Amino acid sequence: MLNDKNHGVVEGWKFLSPTSKFVSIVDDEHDIAGLFGDALQKVSGFSIFTFTDPTIALEHFKMNRSFYALVISDLRMPVINGIQLLKTVKDLNPRVRTVLMTAFDIEDKLFQGYSKKEIINGLAQKPIQLSDLLAQVSTQLHDFELQKQQSLIEIKWASRIITSF
């Protein structure tokens, strides 16, 4: 694991296959980002990136948006809060799954509004057990794959309709 405190990013690099998808964890607390990143290394088929600076996380996402499957973000961070980050992520790639983490109570109406608009796909209340985090990630990645399969089915149906004319 590379620890670059000058740039506020801890990235877990490993061999990336052409089918590898990215998962990122964004939390301004270095220890939490590292712990969660280490725990998620168990998820096969995905490259895990952890960031302590949300602006750098967003830049990485912009450069790699088509590879991303999931972004997990803390709510309270400097410069960009978690909701702003996840909204921007969804604007750039609506298929990406998102989870908001927080140690604070979140206003139900606010969360429900963003959840209904599918800006936030899941909520993780801190402190979170690593087993609960892994379960949340597993659920989101499963939903990502289902959504991807549904899109492929829709494309096949659309191409059949077009070619039948």
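Two strands pair if DSSP finds at least two bridges between them. Strands (E, at least two residues) and helices (H or I, at least four) are themselves DSSP runs, numbered from the N terminus. Keep both in mind for this tour.

This is a predicted model, in which local features need pLDDT of at least 70 and side-chain atom pairs count only at pLDDT 80 or more, while totals for chains, interfaces and linings use all residues. Residues are numbered from 1 along each chain as its sequence is written, and side-chain values use heavy atoms, with hydrogens and water left out.

**The whole chain**

Start with a cartoon view. The protein chain has five helices and seven strands, and from the N terminus on they run β-β-β-α-β-α-β-α-β-α-β-α. Of its 165 residues, 45% count as buried (under 20% relative accessible area with a 1.4 Å probe, protein chains only; exposed is over 50%, partly exposed in between).

**Strand E5 and its neighbours**

Now select E5, residues 68–74. Seven of the seven residues of E5 are buried, so this strand is largely enclosed by the rest of the structure. On one pairing, E3 and E5 run parallel, joined by five bridges; pick Ile-25 and you will find its bridge partner, Ile-72, in E5. E5 also pairs with E6 in the parallel sense, again over five bridges. Here, select Ser-73 and look to E6 for its bridge partner, Leu-100.

**The largest nonpolar core**

Next, show side chains. A nonpolar core is a set of buried Ala, Val, Leu, Ile, Met, Phe, Trp, Tyr and Cys residues joined through side-chain atoms within 4.5 Å. The largest one has 20 residues, and Val-26, Tyr-68, Val-71, Leu-85 and Val-89 touch the most other members. E3 (21–26), E4 (46–51), H2 (54–64), E5 and H3 (82–92) each supply at least two residues of this core. Which element gives the most to it? That is H3, with four residues. Apart from this core lies another, of 19 residues, including Val-43, Val-99, Met-101 and Leu-141.

Zoom in on Val-89. Not counting residues up to four places away in sequence, Val-89 is in contact (heavy atoms within 4.5 Å) with Leu-58, Phe-61, Val-71, Val-96 and Thr-98.

While rings are on display, select Phe-22, Phe-49, Phe-61, Phe-67 and Tyr-68: ring pairs link them into a cluster. Rings of Phe, Tyr and Trp (its six-membered ring) pair if their centres lie within 6.5 Å; planes under 30 degrees apart count as stacked, over 60 as edge-to-face and the rest as tilted.

**Around helix H3**

Stay with H3 and colour Gly-82, Ile-83, Leu-85, Leu-86, Val-89 and Lys-90, which are buried. They lie on the same side of H3, because they cover an arc of only 160° around the axis, taken from the directions from the helix axis to the C-beta atoms.

At the start of H3, find Asn-81, where a side-chain oxygen reaches to within 2.9 Å of the backbone nitrogen of Ile-83. Then move to Asn-93, in the loop between H3 and E6 (97–102). Is Asn-93 buried or exposed? At 14% relative accessibility, Asn-93 counts as buried, and among its contacts beyond four places in sequence are Phe-61 and Tyr-68.

**Two backbone stops**

Most residues other than glycine have a negative phi, and most peptide bonds are trans. Val-79, in the loop between E5 and H3, has a positive phi near 70°. Val-79 is exposed, with a relative accessible area of 73%.

Finish at Pro-127, in the loop between E7 (122–125) and H5 (130–164). The peptide bond from Lys-126 to Pro-127 is cis, with omega near -5°.

Conventions. A polar contact is a pair of N or O atoms within 3.5 Å; within protein, one must be able to donate a hydrogen and the other to accept it, and residues adjacent in sequence count only if both atoms are side-chain atoms.
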